[in-house]
Amino acid sequence: MTRLIPRHPVPDLALPVVGGGRFKLSEDHGPNGTMLVFYRGLHCPLCQKQLKELAGLMGDFAERGIRPVAISSDGAERAEAMAEAVDAPDLAIAHDLPLVTARDDWGLHISTSRGKTSIGI
């Protein structure tokens, strides 16, 4: 597993985004940096709340030259549903992050499935 260390380069990341195109961390960033917001997926109500809050702050980040990008392992269809749910046209929502990349390159905890959620996901 890679250890992320402040002020050191991070692993590169290239993922598709909702609406088409790709996000590539080494090339596609704000003048003062990029904020990566990893979220669990469409099934997570806390993530939806967090992304809605982030959507409301997009202007503040733009003023500071920071580009927020939300990232999950969800596929395109579920990422599009999340984009609709949070109604954030200015927020890039990247998807299809491989779980092994999330865990090994970014140090994210991957929980085990407990079956379907209360909403059937």
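The side chain of Asp 74 comes within 2.7 Å of the backbone nitrogen of Leu 42. That is a polar contact, meaning a pair of N or O atoms within 3.5 Å; within protein, one must be able to donate a hydrogen and the other to accept it, and residues adjacent in sequence count only if both atoms are side-chain atoms. The model is predicted: local features need pLDDT of at least 70, side-chain atom pairs count only at pLDDT 80 or more, and totals for chains, interfaces and linings use all residues. Residues are numbered from 1 along each chain as its sequence is written, and side-chain values use heavy atoms, with hydrogens and water left out.

Where does Asp 74 sit? Its place is the loop between β4 and α3 (76–86). Helices (H or I, at least four residues) and strands (E, at least two) are DSSP runs, numbered from the N terminus. Is Asp 74 buried or exposed? Asp 74 is buried, at 8% relative accessible area. Buried means under 20% relative accessible area, exposed over 50%, and partly exposed in between, with a 1.4 Å probe and protein chains only.

Now look around Asp 74. Neighbours within four places in sequence are set aside here; contact means heavy atoms within 4.5 Å. On that basis Asp 74 touches Arg 40, Gly 41, Leu 42, Ala 79, His 95 and Asp 96.

Asp 74 also has a charged partner. Its side chain meets that of Arg 78 in a salt bridge, 3.1 Å from N to O. A salt bridge is a side-chain nitrogen of Lys or Arg within 4 Å of a carboxyl oxygen of Asp or Glu. The pair is joined by a polar contact of 3.1 Å as well. Arg 78 is partly exposed, at 24%, whereas Asp 74 is buried. Side chains of opposite charge can pair when their charged atoms come close.

How many salt bridges are there by this rule? The count is four. One of them joins Asp 28 and Arg 67, with the closest N and O atoms 2.6 Å apart. Asp 28 lies in the loop between β2 (22–24) and β3 (34–38), and Arg 67 in strand β4 (residues 67–71), so this pair ties together parts that are 39 residues apart in sequence. Asp 28 is partly exposed, at 27% relative accessibility. Arg 67 is partly exposed too, with a relative accessible area of 25%.

Turn next to Arg 103 and Asp 104. Their side chains form a salt bridge at 3.2 Å, N to O. Arg 103 is partly exposed at 37% relative accessibility, and Asp 104 is partly exposed at 29%.
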